[in-house]
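Colleague: Could you take me through the charged and aromatic contacts in this model? I'd like the criteria stated as we go.

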Amino acid sequence: MLAVAFWLAWRQGARRAAWAWVACTALAASLTTASKLAFLGHGIGWPALDFTGFSGHAMFAAAVLPPLLQSVVGALAGPAGPGVWRGGAGWAWAAGYALAVLVAVSRVAVSAHSWSEVIAGFALGAAASAAALRLGRPWPALGRVRLLAPLLLAWAALGVAGAPPSRTHDWVTRLALAESGRTQPYQRWQMHR
């Protein structure tokens with residue numbers, strides 16, 4: 001996301017879109033982190049909904065994929081004309097949210113989150129990307145470097161297949177413990193006692 005936002009701002013002159021995307025995603029990431037800190041460090045959750053915090057995976061997928069795919073589709077459409085771009089942009093937007101739904105469902109399937117957490121994370125990310133897409137109108141394409149779009153898609157696919165485990169949850173847990181003074185983070189089962 002940051003690489004594409006930088007490219008849009010620097011090469012395409014689409015600073016408003018790039019900054020809107022980064023700012024909206026950063027705000028959503030901050031809210032997600034705050035919800036995790038509240039539960040891990042202080043046990044603040046919602047037992048009736050089995051909610052311990054926003055799913056970061058679901059939030060980031062919904063915040064990043066729709067604008068990213070819009071930029072890629074715009075680059076692939078090239079000089080084909082505005083009609084092709086408008087139709088492609090609609091499909092790109094929908095495909096981005098569809099992929100984000102798959103990411104959200106996968107978090108429940110691997111028992112990393114409850115349904116309430118992935119729905120809330122998806123909703124927060126979707127609000128961030130919708131705001132960015134609206135604030136950044138007209139949404140820019142990646143530009144003349146047509147090879148960049150397929151390379152970006154290949155990188156994303158290979159990154160999922162061979163990515164090392166994420167350490168962000170460990171960092172958030174350490175921060176929650178440091179901030180709360182606890183030696184152990186709160187666990188889901190403790191919320192349901």
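This is a predicted model: local features need pLDDT of at least 70, side-chain atom pairs count only at pLDDT 80 or more; totals for chains, interfaces and linings use all residues.

Colleague: Which residues are linked in a network of salt bridges?

Modeller: D50, E117 and R188 are linked in that way. The side chains of D50 and R188 meet at 3.0 Å, N to O. D50 lies in the loop between α2 (15-42) and α3 (56-77) and R188 in helix α8 (residues 188-191), so this pair ties together parts that are 138 residues apart in sequence; helices here are DSSP runs (H or I, at least four residues), numbered from the N terminus.

Colleague: And where does E117 lie?

Modeller: E117 forms a salt bridge with R188, with the closest N and O atoms 2.9 Å apart. Because E117 lies in helix α5 (residues 115-135) and R188 in helix α8, the pair ties together parts that are 71 residues apart in sequence.

Colleague: Is E117 buried or exposed?

Modeller: E117 is buried, at 0% relative accessible area, whereas R188 is partly exposed at 27% and D50 is partly exposed at 24%. Buried means under 20% relative accessible area, exposed over 50%, and partly exposed in between, using a 1.4 Å probe and protein chains only.

Colleague: What does R167 form a salt bridge with?

Modeller: The partner of R167 is D170, and their closest N and O atoms are 2.1 Å apart. R167 is partly exposed at 45%, and D170 is partly exposed at 27%.

Colleague: Switching to rings, which residues form one aromatic cluster?

Modeller: F6, W7 and W10 form it. Rings of Phe, Tyr and Trp (its six-membered ring) pair if their centres lie within 6.5 Å, and planes under 30 degrees apart count as stacked, over 60 as edge-to-face and the rest as tilted. F6 and W10 both lie in helix α1 (residues 2-11), four residues apart, and both are exposed. The rings of W7 and W10 have centres 6.3 Å apart and planes at 75°, so that pair is edge-to-face.

How values were computed: Residues are numbered from 1 along each chain as its sequence is written. Side-chain values use heavy atoms; hydrogens and water are left out. A salt bridge is a side-chain nitrogen of Lys or Arg within 4 Å of a carboxyl oxygen of Asp or Glu. Helices (H or I, at least four residues) and strands (E, at least two) are DSSP runs, numbered from the N terminus.
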